[in-house]
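Please look over the structure below alongside these notes.

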Amino acid sequence: MNKDIAFIKRCIELSQISIDSGDAPFGSLITRNGILVAEGTNDVNTKISEHAEVTALHNAHQVLGTSNLSDCTLYSNCEPCPMCSFMIREYKVKRVVYAMQSKYMGGFSKWPILQDIELTEIQPFFGSPPIVEGGILEKEAHEVMRGTIFWQIVDKKNL
């Protein structure tokens, strides 16, 4: 749990870095065996599909030399969206940990991509549903998000 908190804190820092660079407030990272492998911030101003999670996944692929991340954990300051959730399934990520739920765009709570067992049966290149844990440092993540255009998308509790 302490490592989860430390890695979510880093994701929150990355989300602030993303804001400071003029992009959307999202940060993500990948770990293997509790060791940081790769990080990502949003870069949608350059390329619309470069969400923080996708950037972190691609960076981890480069560092590890494989697209099979079945022994890795993805951390994010916000619940991954549907696009990122499909990428998480393709990279076969074992575990997903996030701070804030995204009530309208979440790939776990709104759209059950991260929990869909049938997806693997239909398309074998998708990994099994990852273990998903949310709500770690949620208030701290909300503080960075508050005041951005994305606030309404993720504001589930009016914190």
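1. Contact here means heavy atoms within 4.5 Å. The model is a predicted one. In that sense of contact, the buried residues of helix H2 pack against E1, E2, E3 and helix H3 (82-90).

2. Which residues of H2 are buried? They are Ala-52, Glu-53, Val-54, Thr-55, Ala-56, Leu-57 and Ala-60. A residue counts as buried when its relative accessible area is under 20%.

3. The length of H2 can be checked. The helix runs over residues 52-64, and at 1.5 Å a residue its 13 residues should span 18 Å. Just after H2 comes Gly-65, with a positive phi of about 75 degrees.

4. Strand E1 covers residues 27-32. Of its 6 residues, 5 are buried, which means that the rest of the structure largely encloses the strand.

5. E1 has a pairing with strand E2 (residues 35-41), antiparallel and over 6 bridges. Within this pairing, Ile-30 lies opposite Ala-38 in E2. The hairpin formed by E1 and E2 has 2 residues between the strands, and Asn-33 takes a positive phi near 55 degrees there.

6. E1 also pairs with strand E3 (residues 72-78), again in the antiparallel sense, over 5 bridges. What is the bridge partner of Ser-28 in E3? The partner is Ser-76.

Technical notes:
Residues are numbered from 1 along each chain as its sequence is written. This is a predicted model: local features need pLDDT of at least 70, side-chain atom pairs count only at pLDDT 80 or more; totals for chains, interfaces and linings use all residues. Side-chain values use heavy atoms; hydrogens and water are left out. Buried means under 20% relative accessible area, exposed over 50%, partly exposed in between (1.4 Å probe, protein chains only). Helices (H or I, at least four residues) and strands (E, at least two) are DSSP runs, numbered from the N terminus. Two strands pair if DSSP finds at least two bridges between them. The expected span of a helix is 1.5 Å times one less than its number of residues.
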